[in-house]
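This briefing collects selected local features of one structure for review. Please consult the sequence and the coordinates alongside the points below.

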Amino acid sequence: MESIRHTCLKLKLIIDGDDDPIFVKGTWFDSRFDLSITDGIDAWVCTASEDEVRERAEQWDQSVSEYIETAERYLGFQQPGSVYRFVDAGDGHKRLSWTIEKEGIKLEWRWKCKPSPNGRKTTATILDFLMDANIRLSEEVVRKSQSFDRLKVEAEKCLAQSEKISREKEEFESAVYEKFVAVLNSKKAKLRNLRDQLSTQETNEKSPEEEDHSSEKTESYNEQSDDEKSDEERTSDLTGTSKGKSASKQYNRKRKTQK
C-alpha cells in the first residue's frame, strides 16, 4: 500500500522588498507529489507526475525515492542556507525554486505552478489543514502536559517512598547492628570464661605432676649424698688404717734402734 504524507510550510520570501510569507502544502506519495500554494489572496497548484519526477531524478543522478525524500525535506521545513524563490513565470504562472548543496556545488531545483482553478477552495484547504494541525498540536500539548503532571505526581510519590524505604532500611540496619554487637559481646564473654576455665584446669592438672617430679629429684639427690658419704667413710677408714700401719712401723723401728 502506497504511503501518503502531508506537510505544510510557512515559507518566508522577500518579494519587492516586502517580507511576504506563503504557505506551501505538500502531499507526498512514493513516486510523485502535489503542491498547493497560497499567499492568502491567490492560490497555485503543482502536480508532479511519476514521469516528471523520474525525469528530474535522472537529471540529478538520483533515484525516485531519494528525489522525493529531498524535496519533502526542503518543502516540509525551511532549510537554513537554502535560497527560496517564488517568482512570476508568465500567464499567471509562478515558479517555486530552492537551492541545495551537493558535493560542494549549489544546485537549484524548481517547479512551475499554475493558478488554482478554485483559489478559495485551495486556500481554505490549506487553512483547514493548518487549523487541524494546530488543534492536533494543542491536544498533543495538553496530553503531554497531563502526562507530565501525572509523571510528576508519580515521581514525587516514588521519591517519598524511596526516602521512606531508605529511612526504614537505615533503622533496620541500625537495630540489626546493635543486636549483632550484643550477641558478639556475649560470645566473646563466653569465650573468655571458657578460656579461663581451661587455663585453670590445665594448671590444676599440672601441679601434682610437678610435685611428684620435685620429690623424685629430692630423693635422688639424697640417695646420691648417702652414697657419696659412704664412699667418703670408706676412704677415711682406709686412710686411717694406712696411717695406723705407718705409725706402728715407725714405732718398731725406734725400739730396735734403742736396743
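The model is predicted: local features need pLDDT of at least 70, side-chain atom pairs count only at pLDDT 80 or more, and totals for chains, interfaces and linings use all residues. Residues are numbered from 1 along each chain as its sequence is written, and side-chain values use heavy atoms, with hydrogens and water left out.

- Strand β4 spans residues 43-48; strands (E, at least two residues) and helices (H or I, at least four) are DSSP runs, numbered from the N terminus.
- Five of the six residues of β4 are buried, where buried means under 20% relative accessible area, exposed over 50%, and partly exposed in between (1.4 Å probe, protein chains only).
- Strand β3 (residues 33-38) pairs with β4 in the antiparallel sense over six bridges; two strands pair if DSSP finds at least two bridges between them.
- Within β4, Val45 is the bridge partner of Ser36.
- Four residues lie between β3 and β4 in their hairpin, and Gly40 in the turn has a positive phi of about 95 degrees.
- β4 also pairs in the antiparallel sense with strand β7 (residues 105-115), over two bridges, and Trp44 stands opposite Pro115 in β7.

- Ser49 belongs to the loop between β4 and α1 (50-59).
- Ser49 counts as partly exposed because its relative accessibility is 30%.
- Beyond its neighbours within four places in sequence, Ser49 is in contact with Ser31 and Arg32; contact means heavy atoms within 4.5 Å.
- Ser31 is 18 residues from Ser49 along the chain, and their C-alpha atoms are separated by 8.1 Å.

- Ser82 sits in the loop between α2 (64-76) and β5 (84-90).
- Ser82 counts as buried because its relative accessibility is 13%.
- Leaving aside neighbours within four places in sequence, Ser82 is in contact with Tyr74, Trp98 and Thr99.
- A polar atom of the Ser82 side chain lies 2.6 Å from the backbone oxygen of Thr99.

**Leu184 in helix α3**

- Leu184 is found in helix α3, residues 119-258.
- Leu184 is partly exposed because its relative accessible area is 35%.

Note on methods:
A polar contact is a pair of N or O atoms within 3.5 Å; within protein, one must be able to donate a hydrogen and the other to accept it, and residues adjacent in sequence count only if both atoms are side-chain atoms.
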